Amino acid sequence: MNILIVYAHPDPQSLNSALKDYAVQHLQAAGHAVQVSDLYAMRWKPTLEAGETAGPDVLREQEKLLWADTVIFQFPLWWFSMPAIMKGWVERVYTYGFGYGVGEHSDQRWGNRYGEGTLAGKRAMLMVTAGGWEPHYSLRGINGPMEDVLFPIQHGMLYYPGMEVLPPFLIYRTSRMDEGRFDQVSEALGQRLDTLESTAPIPFRRQNHGDYDIPALTLKEHILPGRSGLEIHVQSAA
Ligand SMILES: Cc1cc2nc3c(=O)[nH]c(=O)nc-3n(C[C@H](O)[C@H](O)[C@H](O)COP(=O)(O)O)c2cc1C
């Protein structure tokens with residue numbers, strides 16, 4: 001497979017850097033072709049300017065996305081989201097006609113997005129480290145469930161332009177990282193990387209396949225009646 005890792009961390013001595021190096025080596029050893037967009041090392045310009053059109057830096061990243069079968073976004077959780085430099089990568093690389101504004105609108109469809117679009121057929125996975133503890137991000141945890149924290153990224157940035165989204169690889173409580181735990185974590189990561197092709201994606205509902213009223217784009221009344229919240233957009237929600 002062709003695998004692109006979009007990576008955001010400023011410190012080559014960090015946990016994230018060590019995990020990124022491990023991932024690259026592991027994937028290459030398994031015979032995959034790997035490219036890394038190391039956003040800090042590339043001095044990626046994160047701000048989208050008024051009237052900006054796709055320049056060479058943006059076109060290069062779009063080519064990498066088109067080349068990739070699987071895209072891994074790796075970052076430390078900073079203020080409940082991705083570091084600003086990576087948000088700026090999404091803002092600039094997802095240009096009109098590439099990341100959004102794809103496909104026609106009709107009574108049956110609202111363009112190509114949420115499961116359809118330029119990046120359809122590809123897989124994506126988040127690889128995220130967090131200082132907080134796992135229970136802090138559990139269903140009743142004070143930070144809110146991690147799947148809700150990551151929903152704008154997984155649903156809004158990965159699924160939106162068409163990619164299938166694999167369950168994230170998460171590392172909590174990063175201050176508690178000694179050599180023994182790093183070995184455990186990297187082994188678990190290796191297993192996830194070995195199963196990128198076979199892991200079932202999160203079953204987000206497709207926009208144009210009957211679950212939503214168009215053009216309101218609300219979930220049809222007979223599906224999960226009376227329910228709301230982010231989880232209704234995942235098919236397994238009971
Ligand atoms: C600016 C900043 C914001 C952070 N925000 C969060 C946060 O919202 N939630 C959390 O669990 N940890 C947060 N952390 C902790 C980082 O997630 C943690 O330090 C990082 O994942 C450790 O990996 P590293 O050693 O590769 O940086 C934050 C750290 C920094 C520097």
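**Ground rules.** I number residues from 1 along each chain as its sequence is written, and side-chain values use heavy atoms, with hydrogens and water left out. As the model is predicted, local features need pLDDT of at least 70 and side-chain atom pairs count only at pLDDT 80 or more, while totals for chains, interfaces and linings use all residues.

**Ligand.** I looked up what surrounds the ligand and found 15 residues, each with a heavy atom within 4 Å of it. The closest are His9, Asn16, Trp79, Thr129 and Tyr137. By class the shell has eight nonpolar, seven polar and no charged residues; Ala, Val, Leu, Ile, Met, Phe, Trp, Tyr, Cys and Pro count as nonpolar, Asp, Glu, Lys and Arg as charged, and the others, Gly among them, as polar. I then listed polar contacts (pairs of N or O atoms within 3.5 Å; within protein, one must be able to donate a hydrogen and the other to accept it, and residues adjacent in sequence count only if both atoms are side-chain atoms). Asn16 places a polar side-chain atom 2.7 Å from a ligand oxygen. For Leu77 a polar backbone atom is 2.8 Å from an oxygen of the ligand, and for Gly132 a backbone N or O atom is 2.9 Å from one. The ligand taken alone exposes 640 Å², of which the protein buries 68% (Shrake-Rupley method, 1.4 Å probe; for residues, only the protein chains shown count as cover).

**Ser14.** I found Ser14 in the loop between S1 and helix H1 (15-29); helices (H or I, at least four residues) and strands (E, at least two) are DSSP runs numbered from the N terminus. Ser14 is buried because its relative accessible area is 10%, where buried means under 20%, exposed over 50% and partly exposed in between (1.4 Å probe, protein chains only). Its side chain reaches the backbone oxygen of Asp11 at 2.7 Å, and a polar atom of the Ser14 side chain lies 3.0 Å from the backbone nitrogen of Ser17.

**Arg173.** This residue is in the loop between strand S6 (169-171) and helix H6 (179-194). With 25% relative accessibility, Arg173 counts as partly exposed. Leaving out residues up to four places away in sequence, Arg173 touches Ala130, Gly131, Gly132, Trp133 and Arg181, contact being heavy atoms within 4.5 Å.

**Helices H3 and H5.** Seven of the nine residues of H5 (151-159) are buried. Their cover includes strand S3 (70-76), helix H3 (84-93) and strand S4 (123-129). In H3, seven of ten residues are buried, Trp89 and Arg92 among them. The cover of the buried H3 residues includes S1, H2, S3 and H5.

**Gln62.** Gln62 lies in H2 and is buried at 8% relative accessibility. Beyond four places in sequence, Gln62 touches Val93, Thr95 and Phe98.

**Cores.** I looked up nonpolar cores, which are sets of buried Ala, Val, Leu, Ile, Met, Phe, Trp, Tyr and Cys residues joined through side-chain atoms within 4.5 Å. The largest has 42 residues, and Leu65, Phe73, Phe75, Leu77, Trp89 and Tyr94 have the most contacts inside it. Elements giving two or more residues to this core include strand S1 (2-7), helix H2 (56-67), H3 and H5. A second, separate core of 19 residues includes Ile3, Val34, Met127 and Leu196.
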